[in-house]
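Open the model in your viewer and keep the sequence panel beside it. The tour below goes from one selection to the next.

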Amino acid sequence: MQKLLTNEIEKKLINNYENNRAMTQEELDNARENKFIAKFFTPFSSFTWYALEYDPSNKCFFGYVTSHLCEGEYGYFSLAELEELQEMSKRNIKYTIERDLYFTEISQFDLIEKIKGKELV
């Protein structure tokens with residue numbers, strides 16, 4: 001089974017988390033260098049999670065989530081919950097969750113523009 005969070009990805013996400021915690025809100029709003037590092041998705045539904053940061057103390061990501069229920073929104077999501085979905089796939093393949101192995105880092109502004117423009121990312 002595919003590992004959702006590799007050491008390399010984790011380090012990049014933690015770096016984003018630490019850098020963003022040192023910024024003011026105004027700096028964050030204008031932080032065009034912030035990049036989404038990883039993409040997780042469920043082949044059985046339209047849910048997709050784009051990870052921008054990772055806090056190892058509570059094992060939560062901060063990022064952007066899209067689905068058929070909403071155009072997309074920023075929020076927190078848990079590594080444990082993603083791994084639980086992945087674990088369920090051992091019993092029923094339709095509940096699998098995967099990390100997109102071909103996803104390349106993209107700035108938060110570019111990703112949101114592509115999603116709103118209905119481009120596949």
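Start by selecting Asp100, which touches Lys39 and Phe41, leaving aside residues up to four places away in sequence; contact here means heavy atoms within 4.5 Å. This is a predicted model, in which local features need pLDDT of at least 70 and side-chain atom pairs count only at pLDDT 80 or more, while totals for chains, interfaces and linings use all residues. Residues are numbered from 1 along each chain as its sequence is written, and side-chain values use heavy atoms, with hydrogens and water left out.

Is Asp100 buried or exposed? Asp100 is buried, at a relative accessible area of 18% (buried is under 20%, exposed over 50%, partly exposed in between, with a 1.4 Å probe and protein chains only). Its side chain reaches the backbone nitrogen of Tyr102 at 2.9 Å. Asp100 sits in the loop between β6 and β7 (106-107); strands are DSSP runs of E with at least two residues, helices are runs of H or I with at least four, and both are numbered from the N terminus.

Next, colour the sheet. Five strands form an open, antiparallel sheet in the order β5-β4-β3-β2-β6, where two strands pair if DSSP finds at least two bridges between them. The edge strands, each pairing on one side only, are β5 (73-78) and β6 (98-99).

Zoom in on strands β3 (residues 48-55) and β4 (residues 60-66), which run antiparallel and are joined by seven bridges. Within this pair, Glu53 stands opposite Phe62 in β4.

Now show the helices against the sheet. Helix α1 (residues 7-21) lies across β2 (38-41), β3, β4, β5 and β6, at about 65 degrees to β3. Helix α4 (residues 108-116) also packs on the sheet, touching β3, β4 and β5, and its direction makes about 30 degrees with that of β4. Axes are lines fitted to C-alpha atoms, for helices over the stretch in contact, and angles run from 0 to 180 degrees between N-to-C directions.

Finally, select helix α3 (residues 79-88), where Leu79, Leu82 and Gln86 are buried. Viewed down the axis of α3, its buried residues fall within an arc of 70 degrees, so they line one face of the helix; the arc is that of the directions from the helix axis to the C-beta atoms. Their cover includes β2, β3, β4 and β5. On the other side of α3, Glu81 and Glu84 are exposed.

Definitions and conventions
Polar contact = N/O pair within 3.5 Å; in protein donor to acceptor, adjacent residues only side chain to side chain.
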